[in-house]
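Dear colleague,

Please find the structure below, handed over for your review.

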Amino acid sequence: MTPPDRSFAPSANVAQLKESATIAVSQRAKALRAEGRRIIDLGAGEPDFETPEPIRRAAKHALDHGATRYTATQGTIELRTAIAARATVRRGRGEVISPDEIVVSSGSKQSLFNACFCLFGAGDEVLIPTPSWTSYYEMVALARARPVAVMCNPASGFRVTPALLEAHATPQTRGVMLNSPVNPTGTVYTHAELGAILALARERSWWVLSDEIYLRIAYGGAATSSLDVAESRDRLVVVDGVAKAYAMTGWRIGWTISTVPLARTMTAFQSHTTFNSAAVSQAAALAALTSGDDVDGAVNDMVAKFRERRDAALAILATEPAIQVIPPDGAFYLFVRAPGAGTVSDAGTVFARRLLEDHDVAVVPGSAFRTPDWIRVSYATELSQVEEAIRRIVTAYAAS
Ligand code: PLP
C-alpha cells in the first residue's frame, strides 16, 4: 500500500522558517549517543549544573500549596514585584520600575518573540549585530519585518558600534537587537560602548531590545545592563530570565522590563498564545530572585566554574597558534575560526561535521549565527570533558 501523502504547503508565515541550528546540533548529538557513541556535547547553550537546592525546595513547597492553577497572564504579582524591585535598585536615579512594566513569559525566548511581534511589522527593518543568536533573525522575520544583519569585525571581538549601525540604517529602521554578554562570542560591552549605542538609538527613535540573559555570567566584574546606562526607558525593552544564571533552563521563565503601554500589548498578545507561564516555575523563579545568599552563593560558584573551564580551554587552544579565538569575558561560549576559513565555503559547517563524525565532539557551526567561517564551542560541560573535547578540536584543526 502506498503511504498516504501527508505533505502540505506551509503558510506564508513560516515559509522561510529554519529549524534552530543550535537545538538541531544538540539533538543530533543525543541521537548519536543513543546509538552508543561517546559524544562530548559542546553544542548546548545550557548550564550542566542542577538548579540550586533552595529553589527546588521552594518549588516543591509551592506545588503543595496551590501553585497548580492559572495565574495572571502577565505573571504573579509576587514575581513581578521581585523583578521590579531588583530592576529599580539596578536603575537607580530615583526611578521606580513598577510591576506593571514587567511581563513574565515562558522563557526569555518567548519574551523576545512577544516584543518583536508587538513592535515590528511589515515594512520595518531591525538591525541585528552579527554574529548574533540564531533566533533573533527568525523572530524578526516571523513578525514580517526585515532582519538586517550588521556584520561586525572579528578584530574587535565582533562588537557592534554606532558607526556600523548607522551604516546599515534606513528610514525603515525601527529597532536594534542588543545582547551582552553575547551569544555566540562571549563579548561583553563596556559601559561606554553600550551608552554610545543607546544614545544613537534614542536619537533615531529606534526601539532597543536588550537581551541580558547572560548578564550574571561575566568574568571581568559586573557586566553593564542597559538599565545602568540608558538615558531614557521610553523605547527600551530589557529581556532577562532565570535560565542561564540560575541553571533553570527547563523551568521556562523569562521576562521583559519595558513600559506600561507595551507591557499591556504584550500581555494581551500572550493571553491569546500561551497565557501564563507555569505557576510552579514562577514560584521557583521568585525563590531564585529572593532567597539571598544561599542562591547567590550557588550562582557565584557556577560562574567560577565557567571561568575555570574558559581558562583551561583557552590554554589548550593556545597550544595551536594558528587557531583564532575571540577572547570571551562572559557567557559560556568560545567562538573559534574554522580551518580553511576564507577559502573553503561554509568552513564552520565542514569543520563541525568533521568534529562530530570523526572526533565525537558536537559544536555549532557559525552559519547558525550568520558567520559561516566560525564555530561556537560551549563550555557549559564538566571541566575534564571540556579539556578532552578542546584537545580533540586542536588535533582536528592541526590535521586540517
Ligand atoms: N537569548 C540568548 C542570547 C540565548 O542564548 C538564549 C538561549 O540559548 C535565550 C535568549 C533564551 O533563553 P530562555 O531559556 O530564557 O528562553
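**The ligand and its surroundings**

In this predicted model, the side chain of S108 has an N or O atom 2.8 Å from an oxygen atom of the ligand, a polar contact being a pair of N or O atoms within 3.5 Å. The side chain of D211 likewise places an N or O atom 2.6 Å from a nitrogen atom of the ligand. For R252, a polar side-chain atom lies 2.7 Å from an oxygen atom of the ligand. The ligand taken alone exposes 400 Å², of which the protein buries 92% (accessible areas by the Shrake-Rupley method with a 1.4 Å probe).

Around the ligand there are 13 residues, of which N183, D211, Y214, K244 and R252 come nearest (a residue is near if one of its heavy atoms lies within 4 Å). This shell consists of five nonpolar, four polar and four charged residues, with Gly counted as polar and Tyr as nonpolar.

**The domains**

The protein chain is divided into domain 1, residues 21-50 + 295-398, and domain 2, residues 69-291; such bounds come from an automatic or database domain assignment. Their centres, taken over C-alpha atoms, are separated by 26 Å. In domain 1, 33 residues are in contact with 35 residues of domain 2, contact meaning heavy atoms within 4.5 Å.

**Conventions**

Residues are numbered from 1 along each chain as its sequence is written, and side-chain values use heavy atoms, leaving out hydrogens and water. Local features need pLDDT of at least 70 and side-chain atom pairs count only at pLDDT 80 or more, while totals for chains, interfaces and linings use all residues.

With kind regards

Technical notes. Polar contact = N/O pair within 3.5 Å; in protein donor to acceptor, adjacent residues only side chain to side chain.
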